[in-house]
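Student: I am new to this structure. Please take me through it step by step.

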Amino acid sequence: MGTESSDTGRALAGLAAERVDARFKGLPPDADGLTVGELTAQRRNLFTGGFTTPVLTLSAERLTHNLELMETYAARHGLSFAPHGKTSMAPQLFHRQLHHGAWGITLAVPHQVRVARAFGVQRVFLANELVDPAALRWIAAELAADPDFRFVCYVDSVRGVELMDAALAGTGVGAGARPLDVVVELGAGEGARTGVRTEAECAVVADAVAAVPTLRLVGVAGYEGEVPQADPERVRAWLRRLVALAADFDKAGRFDGTSLEEIIVSAGGSAWFDAVADVFVEISELSLPVLKLQRSGAYVSHDDGRYREVTPFNRVPEEGALEPAFRLWTQVVSRPSPEQAFVNAGKRDAAYDLDLPVAQVVRREGAGKGAGERPATGVTVTGLSDQHAWLHTDPGADLEVGDWLGLGLSHPCTSFDKWQLIPVAEADGTVVEYIRTFF
């Protein structure tokens with residue numbers, strides 16, 4: 001573990017050693033040539049330190065709040081936590097999540113696993129069936145090289161089992177070395193996304209896993225966010241099917257003789273983790289301890305749109321509240337009429353797949369009229385071009401060319417991916433960290 005910690009530290013230190021240059025949007029032009037660590041040490045102010053617009057920022061205080069809140073929530077409800085790393089693809093945030101009690105990191109595709117492993121993540125839950133031969137051989141090599149590496153992925157078809165077994169044959173997996181751990185994915189319903197549609201078909205897939213030496217069945221999983229016409233009743237009904245599937249597999253001896261220490265039951269996106277907590281507490285005693293694995297990812301930054309609307313904390317306010325940590329700072333570059341204005345950020349900079357950005361605050365430098373920061377009263381984002389946001393301004397809205405406009409965003413997963421290096425700013429604008437993403 002000492003070597004692992006040292007290797008991880010070196011990998012993270014390597015991020016600080018990276019040189020600042022034109023790859024990174026919004027950073028001060030006069031910082032070119034500095035390392036990220038050197039720029040961080042300068043503790044520049046976001047508004048007076050030479051940053052250019054548009055620039056996406058994260059709130060230092062709100063990041064910490066969100067990390068601590070979900071750590072507390074999972075512990076309170078007896079859940080283990082493997083936050084979905086595809087949200088941020090930021091190893092610095094992965095390690096902060098692990099520091100705040102996460103069991104491991106959930107990922108979706110092989111590239112993401114390679115990033116996590118490059119930065120020392122020791123437990124990976126792949127929420128997908130993995131049938132790529134090159135990726136499977138690489139995973140096999142990782143398992144062989146590192147006895148502390150834990151990898152679990154979905155299976156949802158007999159064909160998938162066959163392809164996995166064929167790719168792993170000859171790698172040593174299951175023949176004198178650890179088999180690859182898999183969970184059967186129960187689909188959320190007809191017309192939903194991936195996953196086996198019926199319990200009978202799940203049993204067939206489980207039998208296929210048992211018939212090959214390269215794979216080991218370790219549990220069941222799925223994603224309740226894909227339940228058709230999801231509401232609390234439908235989501236809980238599906239979660240009870242998932243729990244019952246684990247119990248049926250256990251009763252049928254499907255987890256016997258596999259040297260297991262625990263049975264995994266996993267679900268939990270960012271919209272229904274309260275339902276997961278409620279149903280998972282009902283899991284009856286099985287032949288082995290149960291790892292109740294929740295996988296919410298969007299919580300780390302939260303947002304001002306979709307996830308603000310659907311977060312389970314709206315239903316259980318006594319449990320706390322997540323805080324939106326993103327703000328995209330833009331600048332007014334055109335004010336062609338009293339009803340219209342344009343800022344210099346668009347589809348290349350802001351998430352727009354779920355909702356348009358929301359105008360939150362206006363900031364005007366100097367000592368004249370309107371100087372300082374104030375609410376963006378009467379300003380509405382009505383559309384996005386590639387590099388412009390279209391604004392409607394109500395009569396009397398105080399907005400001038402040159403003003404900075406802070407936008408709230410909807411959907412973390414398509415906000416992080418537009419930025420390779422994201423300043424983390426304290427409430428007074430002091431930038432204390434830069435988050436590197438790997439999309």
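Tutor: First, some ground rules. Helices (H or I, at least four residues) and strands (E, at least two) are DSSP runs, numbered from the N terminus. The expected span of a helix is 1.5 Å times one less than its number of residues. This is a predicted model: local features need pLDDT of at least 70, side-chain atom pairs count only at pLDDT 80 or more, and totals for chains, interfaces and linings use all residues. Residues are numbered from 1 along each chain as its sequence is written, and side-chain values use heavy atoms, with hydrogens and water left out.

Student: How far does helix α3 reach from its first C-alpha to its last?

Tutor: Helix α3 covers residues 60–76, which is 17 residues. At 1.5 Å a residue, 24 Å is expected. The model comes close to that, with a reach of 25 Å.

Student: Which residue with a positive phi follows α3?

Tutor: Look just past the helix. The phi there is near 70 degrees. The residue is Gly 78.

Student: Is Thr 72 buried, exposed or partly exposed?

Tutor: Thr 72 sits in helix α3. Buried means under 20% relative accessible area, exposed over 50%, and partly exposed in between (1.4 Å probe, protein chains only). Eight names in α3 are on the buried list: Ala 60, Leu 63, Asn 66, Leu 67, Leu 69, Met 70, Tyr 73 and Ala 74. Thr 72 has a relative accessible area of 38%, so its class is partly exposed.

Student: In what order do the strands of the open sheet lie?

Tutor: Two strands pair if DSSP finds at least two bridges between them. Here 8 strands form the sheet, and the pairing is parallel. The order is β2-β9-β8-β7-β6-β5-β4-β3.

Student: Why is one side of β2 and of β3 left without a neighbour in the sheet?

Tutor: β2 spans 80–81 and β3 spans 105–107. β3 is joined by 3 bridges to the parallel strand β4, residues 123–129. One of the pairs there is Leu 107 with Leu 126.

Student: What is the relative accessibility of Thr 106?

Tutor: Thr 106 lies in strand β3. Contact means heavy atoms within 4.5 Å. Beyond four places away in sequence, Thr 106 touches residues including Ala 82, His 84, Phe 125 and Arg 295. Thr 106 counts as buried because its relative accessibility is 0%.

Student: Which elements do the buried residues of α9 pack against?

Tutor: α9 has 20 residues and reaches 28 Å. Its buried residues include Trp 238, Leu 242 and Phe 249. Among the contacts of Phe 249 are Val 184, Ala 206 and Val 220. The packing partners are β6, α8, β7, β8 and α10.

Student: At about what angle does helix α10 run to β8?

Tutor: Axes are lines fitted to C-alpha atoms, for helices over the stretch in contact, and angles run from 0 to 180 degrees between N-to-C directions. Helix α10, residues 273–280, lies across β8 and β9. The angle to β8 is about 150 degrees.

Student: How many residues apart are Asp 349 and Lys 25?

Tutor: A salt bridge is a side-chain nitrogen of Lys or Arg within 4 Å of a carboxyl oxygen of Asp or Glu. Asp 349 and Lys 25 form one at 3.0 Å, N to O. Asp 349 lies in the loop between β11 and β12, and Lys 25 in the loop between α1 and α2.

Student: Which strands does the salt bridge between Arg 150 and Asp 181 link?

Tutor: The two side chains meet at 3.1 Å, N to O. Both residues are buried. Arg 150 is in strand β5, and Asp 181 is in strand β6.
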